[in-house]
Amino acid sequence: MKMNMKMKMGLVLYVCVAHVLLYHGAYGGMTSSFVRKEEKSVDMPFSSDVFSHPPGYNAPQQVHITQGDHVGRAVIVSWVTQDEPGSSDVVYWLADKTDQKYKATGKITTYKYYNYTSGFIHHCNIKNLQFESKYYYEVGIGHTTRRFWFMTPPPVGPDVPYTFGIMGDLGQTYDSNVTLAHYEMNPVKGAAVLFVGDLSYADHYEFHDNSRWDSWGRFAERSTAYQPWIWTAGNHELDYEPTIGETKPFKPFLHRYRMPFRASGSTEPLWYSIKRASAYIIVLSSYSAYGMYTPQYQWLFEEFPKVNRSETPWLIVLMHSPWYNSNSYHFMEGETMRVMFEPWFVQYKVDLVFAGHVHAYERSERISNIAYNIVNGECTPVHDKSAPVYITIGDGGNIEGLANNMTEPQPKYSAYREASFGHATLEIKNRTHAYYSWHRNSDGYAVTADSVMFFNRYWHPEDDSTAKNN
Ligand SMILES: *[C@@H]1O[C@H](CO)[C@@H](O)[C@H](O)[C@H]1NC(C)=O
Ligand SMILES: *[C@@H]1O[C@H](CO)[C@@H](O)[C@H](O)[C@H]1NC(C)=O
Ligand SMILES: *[C@@H]1O[C@H](CO)[C@@H](O)[C@H](O)[C@H]1NC(C)=O
Ligand SMILES: *[C@@H]1O[C@H](CO)[C@@H](O)[C@H](O)[C@H]1NC(C)=O
Ligand SMILES: *[C@@H]1O[C@H](CO)[C@@H](O)[C@H](O)[C@H]1NC(C)=O
Ligand SMILES: [Fe+2]
């Protein structure tokens, strides 16, 4: 049975309300909170609590971490100092061995963008960490020192459980703040974030006011300082503005955010891979060349055969522009990359593809569209048990608001779609099962709006489609 969006929403509402009445009678406001906000989301003003500068001379701000090597034994720590360069040292120690402290020294970079000059941006890769351990770390040595902590992942292995959070197109509106709060308050605790691109939306401002990159860094710090965010480049990272002489794509983004791209043989930070627990994550750039013979094409061609599913059963790809998305917003923008890469995704049995860009949520069935050869007329997506599920999760809450104009009727390949802000979690249980759920901001923290038990394409390629249940 095919349901249109309204019917589907009605059903979802009914199910959630029933659930709420049953288990949380106290959430009385639940139903009315579903009323869609039609107005655009607005950015939080600079004076907001989430943008406050940490007190103290030259205090490190915008602290963020990401994986620093291929397997999870290194962490790149980044931060910004405003008054003077200060120390680039990170002092760190195992939480249960406080008498033995280590020190690593990073590097400082700065950049100018039109009439903006950045603070002193520090990046320090701390290596040879122990797996599955809690570390404390301090930055701002010599002036105002701030302390944070992180957990290293378990060693890479086929049945290692691990939970990822997934967010995209976050921005810095009141809605962005709610999305982040929901991720933090979700009883399912993500240990690392797969971020599918579009961070600050500083480019929304005249001259791409880069102090909005700074405010975003301070806003996100409450999560990014404590768990690695795996970064994907979105179109709002391009900051390409020839009218003001800014012609180097990704300038602010690449000065502020670092990726461990060399560890996977990549030559550019915009495409790379990491292993984490039982997952192999490939990050692609929708805004870099991917045609035949280009560096990204060549890298991915050599990358897929390296994935050993006996070591990392879960093969996940992140990109910004979705290949399958039935929103009229950005419809088919991902098509050219799909044409280039989809046969490999099917051949190598990618489990899941996460994309953003469209400010709504959508989950596909397992489908592929690789038979077409210009003359045979076979150009319709078909059910394919070797194909990934495509999830669009560009619903972080940025300044452009929701994309609530779907193409009608809902295509068969689309299993679930909804224009609401939210985030998702992926709980990998073992080599065969991973429990996925999407949470909308208008629900209580524990409520899941869309959830599926995904079966691994390599170890357990059984039917996990939604259509099967209809
Ligand atoms: C940059 O230029 C714009 C327009 O002239 C001005 O409004 C803004 O204050 C300037 N910013 C800085 C940091 O000088
Ligand atoms: C952002 O969310 C946090 C956590 O819910 C809250 O403490 C803070 O006041 C919010 N700030 C704004 C400007 O909404
Ligand atoms: C794949 O990983 C398994 C488990 O770690 C290992 O035993 C095997 O040798 C690897 N295969 C290749 C081709 O590297
Ligand atoms: C919604 O999308 C359709 C199809 O792309 C388009 O024709 C229509 O103008 C859009 N409506 C609005 C309100 O944007
Ligand atoms: C894998 O996890 C699923 C879901 O938790 C469970 O049902 C299944 O028994 C597990 N498989 C093994 C071999 O433990
Ligand atoms: Fe985007």
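Is E427 buried or exposed, and at what relative accessibility? E427 counts as buried, at 15% relative accessibility (buried is under 20% relative accessible area, exposed over 50%, and partly exposed in between, using a 1.4 Å probe and protein chains only).

A quick note before the views: this is a predicted model, where local features need pLDDT of at least 70 and side-chain atom pairs count only at pLDDT 80 or more, while totals for chains, interfaces and linings use all residues. Residues are numbered from 1 along each chain as its sequence is written, chains are lettered from A and ligands numbered from 1 in the order in which they are written, and side-chain values use heavy atoms, leaving out hydrogens and water.

**View 1. K429 and E427 pair up in a salt bridge.** Here the N to O distance is 3.3 Å (a salt bridge is a side-chain nitrogen of Lys or Arg within 4 Å of a carboxyl oxygen of Asp or Glu). K429 is partly exposed, at 38%, while E427 is buried. Elsewhere, shared partners tie E335, R338 and E342 into one salt-bridge network. The count of salt bridges comes to 18.

**View 2. D450 meets R363 in a salt bridge.** Their closest N and O atoms sit 2.8 Å apart. This pair links distant parts of the chain, 87 residues apart: D450 belongs to strand β25 (residues 450-455) and R363 to strand β18 (residues 361-364). Strands are DSSP runs (E, at least two residues), numbered from the N terminus. D450 is buried, with a relative accessible area of 4%, and R363 is buried, with 4%.

**View 3. R417 joins E408 in a salt bridge.** The N to O distance is 3.3 Å. R417 is buried at 2%, whereas E408 is exposed at 51%.

Technical notes:
Helices (H or I, at least four residues) and strands (E, at least two) are DSSP runs, numbered from the N terminus.
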